[in-house]
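This report goes through selected local features of one model, from backbone geometry to side-chain packing. The sequence and coordinates come next.

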Amino acid sequence: MWGRMGRICLVGAGFSGAVIARELAEAGLPCLVIDERAHVAGNCHTERDPQTGVMVHRYGPHIFHTADERVWAYVNRFGEFMPYVNRVKTTVGGSVYLLPVNLHTINQFYGKTFSPAEAKAFIESQARMDIEDPQSFEEQALRFVGPDLYNAFFRGYTLKQWGIDPTELPASILKRLPLRFNYDDNYFNHPHQGMPKHGYTAIVEKILDHPLIETRLGTKWEEQDEAFDHVFYSGPLDRWFGYDMGRLGYRTLDFEGERAMGDYQGCAVMNYGDPEVPFTRISEHKHFSPWEEHEGTIVFREYSRYCGADDVPYYPIRLLGEKKMLSDYEARAAEVEGVTFVGRLGTYQYLDMDVTIGLALDAASDYLAQRKAA
């Protein structure tokens, strides 16, 4: 049916590689999934803390949320999702506020009792309406909420998270953050929100559990000498080309863990917006599994810094001044035969989990259609 039956190689055992491999395997194509780390699920990897029994998101919190019915049905094939609503708090200037910025945040910050209409009119009076086409993060924020809320809730946190002045970051980063004129503090507004009952790693392991899929961990792409029919590459885009035009910018994270008894902070995530506080947030992971009970607890302070050559890349920065290098890499990637670049690192985009899975399903479908037509 398929002609040649050489294997397909999936570089990276995160959601991108696992989903594509599963789709191709179910269509009868043998696949090899490799990852240089010792576990599957990439940065979504979860594991039990041996001392407290808490399910830990080893590379930072991941909350599943989507409006894509196809993706929601897909992940529920491979694991049970429990209801979970992400309600974030932030400590700024000695007070605790609700995020995203909503009517409660606005009233608390300004000491007012605005109605929704009054708050909307007030924020519009504060916003920089003269910025008609925001290009940078700072311009978008000033146009969005005005200088007071920007300096309190966005500027300091952004400086720590990205290590770059907000005037150098693209406006697209802030466009992901909501502003509400009601008391809704659900961070996301998608109809499907949840946490996998047994963690993300168990889901990815189940996706990879197919007789036509071989998973090989602790293995680098550069070490492969097998001839493959096709490669789906979810590693860093610039790494594929040996960084010969320079390194694209990424942020990496360092985590400082602490165990305690009882409830450490009373919520899953507490942001710290003041620039003098060196970490960006504290995550208490027992709160990500509210259906479980644990006497002990484990928290992680999260520090963001520039990603070095030996660090795990988390977020593509996509600096305004980096567009030329990215454009050149993308043009070269489009010309590489037999390779599809996928995932957050392979496409150098900030992608949520549901978008990553949706794009992986599309990539597999496109490849199968092209192969059948060949």
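## Backbone geometry

Tyr-243 is partly exposed, at 25% relative accessibility; buried stands for under 20% relative accessible area, exposed for over 50%, and partly exposed for what is in between (1.4 Å probe, protein chains only). This is a predicted model, in which local features need pLDDT of at least 70 and side-chain atom pairs count only at pLDDT 80 or more, while totals for chains, interfaces and linings use all residues. Residues are numbered from 1 along each chain as its sequence is written, and side-chain values use heavy atoms, with hydrogens and water left out.

The phi of Tyr-243 is near 55 degrees, a positive value in a residue other than glycine. Tyr-243 belongs to the loop between helix H7 (237-240) and strand S12 (250-261). Helices (H or I, at least four residues) and strands (E, at least two) are DSSP runs, numbered from the N terminus.

Tyr-348 also has a positive phi, about 50 degrees, although it is not a glycine. Its loop runs between helix H9 (343-346) and helix H10 (353-373). Tyr-348 counts as buried because its relative accessibility is 0%.

The peptide bond joining Leu-99 and Pro-100 is cis, with omega about 0 degrees. Pro-100 sits in the loop between strand S8 (95-99) and helix H3 (103-110). As background, most residues other than glycine have a negative phi, and most peptide bonds are trans.

## Nonpolar cores

A nonpolar core is taken as a set of buried Ala, Val, Leu, Ile, Met, Phe, Trp, Tyr and Cys residues joined through side-chain atoms within 4.5 Å. The largest one has 97 residues, and those with the most contacts inside it include Phe-15, Phe-64, Phe-153 and Ile-357. Helix H5 (residues 137-162) gives the most to this core, with 10 residues. A second, separate core has seven residues, among them Cys-267, Val-277, Phe-279 and Ile-282.

Which residues does Phe-64 touch, not counting residues up to four places away in sequence? Its contacts (heavy atoms within 4.5 Å) include Val-71, Trp-72, Phe-81, His-192, Tyr-200, Met-353 and Ile-357.

## Aromatic rings and charges

A search of the whole structure finds 30 aromatic pairs. Rings of Phe, Tyr and Trp (its six-membered ring) pair if their centres lie within 6.5 Å; planes under 30 degrees apart count as stacked, over 60 as edge-to-face and the rest as tilted. Two of the pairs are tabulated.

| Pair | Centre to centre | Angle between planes | Class |
|---|---|---|---|
| Phe-15 and Tyr-200 | 6.5 Å | 85 degrees | edge-to-face |
| Phe-64 and Trp-72 | 6.1 Å | 35 degrees | tilted |

Phe-15 is buried, with a relative accessible area of 6%, and Tyr-200 is buried at 1%. In the other tabulated pair, Phe-64 counts as buried at 1% relative accessibility, and Trp-72 counts as buried at 17%.

One aromatic cluster is formed by Tyr-59, Trp-162, Phe-255, Phe-300, Tyr-314, Tyr-315 and Tyr-350. Arg-37 lies over the face of Tyr-59, at 4.7 Å from the ring centre. Arg-301 lies over the face of Phe-279, at 6.0 Å from the ring centre. The criterion places a charge over a ring if NZ of Lys or CZ of Arg is within 6 Å of the ring centre and within 35 degrees of the ring normal.

## Thr-340

Thr-340 lies in strand S17 (residues 339-341) and is partly exposed, with a relative accessible area of 25%. Not counting residues up to four places away in sequence, Thr-340 touches His-230, Val-231, Phe-232 and Tyr-233. With His-230 there is a side chain to side chain polar contact of 2.8 Å. A polar contact is a pair of N or O atoms within 3.5 Å; within protein, one must be able to donate a hydrogen and the other to accept it, and residues adjacent in sequence count only if both atoms are side-chain atoms.

## Cysteines

How many disulfides are there? With a disulfide set as a pair of cysteine sulfur atoms within 2.5 Å, the count comes to zero. Cys-44 is in no disulfide, and the nearest cysteine sulfur, that of Cys-307, is 17 Å away. Cys-44 is buried, with a relative accessible area of 10%, and Cys-307 counts as buried at 11% relative accessibility.
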